[in-house]
Amino acid sequence: MKKNIVAPSLLSANFATLYNDLKMIEIAGAEWVHIDVMDGHFVPNITVGPSFVKSLRKVTKLFFDVHLMITNPEKYWLEFQKAGADLITFHSEISADKKKLIKNIKSTGIKAGVSIVPSTHISEIIKFLPYVDLALVMTVEPGFSGQFFMDEMVLKIKDLRKIIDENNYSCIIEVDGGINQKTYSVCVNAGADALVSGSYIFSSENPKIAIKSLFI
Ligand code: DX5
Ligand code: ZN
């Protein structure tokens, strides 16, 4: 069976010791790190900007999975690309021209992803599957880490997996929210390729073992 991707979310990390956390993630064998960007508008929380990404880029080669929970990604994505993002995922619920956004992001040589919040129907992601590298299914309401996994979202993962496989799309499926030792296998069995996990990893006594426990 193909090994799944684990993308620890820095939202739950201690920002005062991020360097150590990045090194811990590398040693644990995760190749990705998930960076949550929030604007206090699309979601009721504010996190980090491009300068944060730029600083981290200098000290690690981890794949930067940048999740833009912002209302106007069309205004800011390029700053994140220049700062060192490897993948930029924006939300389908925004009003900008999403096909154009995907095309622009990919034209710089990095990957593009599109995400849906729990209340959004998967048709909003299906229409972009031929163009994107990643489809992100939110399994909690975006904005905060430490919430409970919404079981009803598993059907979305299954449906997307079926469509991707039937059409031979190269797009991978990522899940984000409430992923822990109990919920990860449900997602992988449903067809998820990449698992974002924040509080489970960073609040555990041994984050390295927690990361390893999320690989099938
Ligand atoms: C929530 C973020 C997630 C969050 C996940 O809006 O997109 O990436 O950090 O945290 P956990 O794993 O604690 O649900
Ligand atoms: Zn996220």
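Ligand 1 sits in the largest pocket of this predicted model, a molecule being assigned to a pocket or cavity if more than half of its atoms lie within 2 Å of the grid points of that pocket or cavity. On a 1 Å grid over the protein atoms alone, a pocket is an open set of points with protein on both sides within 12 Å along at least five of seven lines, whereas a cavity is a set where a 1.4 Å probe fits but cannot get out; lining residues have an atom within 4 Å of a point. Local features need pLDDT of at least 70 and side-chain atom pairs count only at pLDDT 80 or more, while totals for chains, interfaces and linings use all residues. Side-chain values use heavy atoms, without hydrogens and water.

The volume of the largest pocket is about 270 Å³, a volume being the space filled by probe spheres set on grid points, which are joined across faces, edges and corners. Its lining comprises 25 residues, of which S145, G146, G177, G178 and G198 are the closest to the centre. By class, twelve of the lining residues are nonpolar, eleven polar and two charged; here Ala, Val, Leu, Ile, Met, Phe, Trp, Tyr, Cys and Pro count as nonpolar, Asp, Glu, Lys and Arg as charged, and the others, Gly among them, as polar. At least two lining residues each are supplied by β2, β8 and α8 (199-202), where helices (H or I, at least four residues) and strands (E, at least two) are DSSP runs numbered from the N terminus.

Around ligand 1 there are 20 residues, and G143, G146, D176, G198 and S199 come nearest; a residue is near a molecule if one of its heavy atoms lies within 4 Å of it. This shell has seven nonpolar, eleven polar and two charged residues. Its largest share, three residues, comes from β2.

Polar contacts (pairs of N or O atoms within 3.5 Å) link the ligand to the protein. A polar backbone atom of G146 is 2.8 Å from an oxygen atom of ligand 1. For H67, a side-chain N or O atom lies 3.3 Å from a ligand oxygen, and for H34 the distance from a polar side-chain atom to an oxygen of ligand 1 is 3.4 Å. Taken alone, ligand 1 exposes 380 Å², of which the protein buries 100% (Shrake-Rupley accessible areas, 1.4 Å probe).

The largest cavity holds about 40 Å³ of space and is lined by L10, L11, F15, I35, D36, T47, V48 and F52.

Conventions: Residues are numbered from 1 along each chain as its sequence is written. Chains are lettered from A and ligands numbered from 1 in the order in which they are written. A polar contact is a pair of N or O atoms within 3.5 Å; within protein, one must be able to donate a hydrogen and the other to accept it, and residues adjacent in sequence count only if both atoms are side-chain atoms.
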